[in-house]
Amino acid sequence: MSMDGLDVTACEQCPALCESRSRIVNGTGPADADLLFVGEAPGEHEDEQGEPFVGRSGDVLDAALRDAGIARDDVRITNCVRCRPPDNRDPHVEELANCRDYLDAEIERLDPSLVVTLGKVPSEHLLDRSIAVTNEAGDTFDARVGDTSCRVLVSVHPAATLYDRSQEETFETTIAQAADLAGVGEGETGQSRLGEF
Ligand code: SF4
């Protein structure tokens with residue numbers, strides 16, 4: 001594994017993605033964050049800036065975090081694959097598999113109270129089954145990660161709110177729920193409520 005701590009520093013496992021990427025986009029945020037958000041893959045802006053969830057999707061995520069009383073700097077944000085797919089296509093199954101060890105290592109290192117999967121691809125990737133995200137948004141499940149497990153909260157992708165305004169409330173409610181479950185955000189005691197579920 002070409003991984004230095006939480007960062008992948010050199011990796012050429014996915015030939016197509018090595019062609020399309022400008023850089024490897026690693027996760028951002030504290031290595032001991034209680035909340036970890038997992039997206040699908042870097043897009044154009046992420047590839048340019050070397051950071052996950054910037055651009056319009058990032059703005060939507062930032063606004064929902066703010067509304068939930070969470071500082072973006074206090075959470076960790078990463079992706080299932082760390083290199084931008086060509087033409088923004090979905091990552092292929094083998095690319096997701098190639099990058100899985102990095103994601104598992106990041107989750108194991110963080111040991112977060114809660115992992116929030118942003119959209120269909122990360123939800124299906126971590127829960128290893130087909131998911132109807134709009135129906136299951138706000139539901140929590142246990143996911144196997146390496147030799148351990150983590151609690152996953154399914155969310156719609158922030159970009160979904162840009163194309164379908166009816167998803168806005170679902171997204172904001174899920175992010176507020178994430179803050180509550182992980183015991184982070186304004187007014188929270190720092191005590192995770194996951195044991196109650
Ligand atoms: S997507 Fe992941 S596994 Fe594939 S080349 Fe990039 S860092 Fe390596």
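Which residues point one way from β5, and which point the other way? Leu-114, Val-116 and Leu-118 point one way, and Val-115 and Thr-117 point the other way. All of them are buried. A residue is buried if 20 or more other C-beta atoms lie within 10 Å of its own, exposed if 12 or fewer, and partly exposed in between, with C-beta atoms placed from the backbone. In a regular strand the side chains alternate between the two faces of the sheet.

## The model

This is a predicted model: local features need pLDDT of at least 70, side-chain atom pairs count only at pLDDT 80 or more, and totals for chains, interfaces and linings use all residues. Residues are numbered from 1 along each chain as its sequence is written.

## Overall build

The protein has eight helices and seven strands. Helices (H or I, at least four residues) and strands (E, at least two) are DSSP runs, numbered from the N terminus. The radius of gyration is 16 Å, close to the 16 Å from the globule rule for 197 residues, so the protein is as compact as a globular protein of that length. That radius is taken over C-alpha atoms, and the rule is 2.2 Å times the number of residues to the power 0.38.

Along the principal axes, the C-alpha atoms fill a box of roughly 45 × 40 × 30 Å. Of the 197 residues, 46% count as buried. Take contacts between residues at least 6 apart in sequence: 68% of these join residues at least 24 apart. Two residues are in contact if their C-beta atoms, placed from the backbone, lie within 7 Å.

## The sheet

Five strands form an open sheet in the order β4-β3-β5-β7-β6, with mixed pairing. Two strands pair if DSSP finds at least two bridges between them. The edge strands are β4 (76–79) and β6, and each pairs on one side only. The twist averages 35° from one strand to the next. Axes are lines fitted to C-alpha atoms, for helices over the stretch in contact, and angles run from 0 to 180 degrees between N-to-C directions.

Strand β3 (residues 35–39) runs parallel to β5, joined by four bridges. Leu-35 stands opposite Leu-114 in β5. On to β7 (residues 148–155): β5 pairs with β7 in the parallel sense, over four bridges. Here Thr-117 stands opposite Val-154, and Val-116 has Leu-153 as its bridge partner. Five of the five residues of β5 are buried, so this strand is largely enclosed by the rest of the structure.

## The hairpin

Strand β6 (residues 140–145) and β7 run antiparallel, joined by six bridges. Arg-144 stands opposite Ser-149 in β7. The hairpin of β6 and β7 has two residues between the strands, and Gly-146 takes a positive phi near 60° there.

## Helices on the sheet

Helix α5 (120–127) lies across β3, β5, β6 and β7. It runs at about 135° to β5. Helix α8 packs on the sheet, touching β3, β5 and β7. Its direction makes about 150° with that of β7.

Is Leu-181 buried or exposed? Leu-181 counts as buried, because it has 22 C-beta neighbours inside 10 Å. This residue is found in α8 (residues 167–182). Leu-181 and Gly-43 are 138 residues apart in sequence and 29 Å apart in space, C-alpha to C-alpha.

## Two loop residues with positive phi

Asp-111 has a phi near 50°, a positive value in a residue other than glycine. It sits in the loop between α4 and β5 (114–118). Asp-111 is partly exposed, with 13 other C-beta atoms within 10 Å.

Asp-128 also is not a glycine, and its phi is positive at about 60°. Its place is the loop between α5 and α6 (133–136). With 9 C-beta neighbours inside 10 Å, Asp-128 counts as exposed.

## Around the ligand

How many residues surround the ligand? There are 14, and the closest are Cys-11, Cys-14, Cys-83, Asn-98 and Cys-99. A residue is near a molecule or strand if its C-beta atom, placed from the backbone, lies within 6 Å of it. The elements that give two or more residues to this shell are α1 (15–20) and α4 (93–110). Helix α4 gives the most, with three residues.

By class, the shell has nine nonpolar, two polar and three charged residues. Ala, Val, Leu, Ile, Met, Phe, Trp, Tyr, Cys and Pro count as nonpolar, Asp, Glu, Lys and Arg as charged, and the others, Gly among them, as polar.
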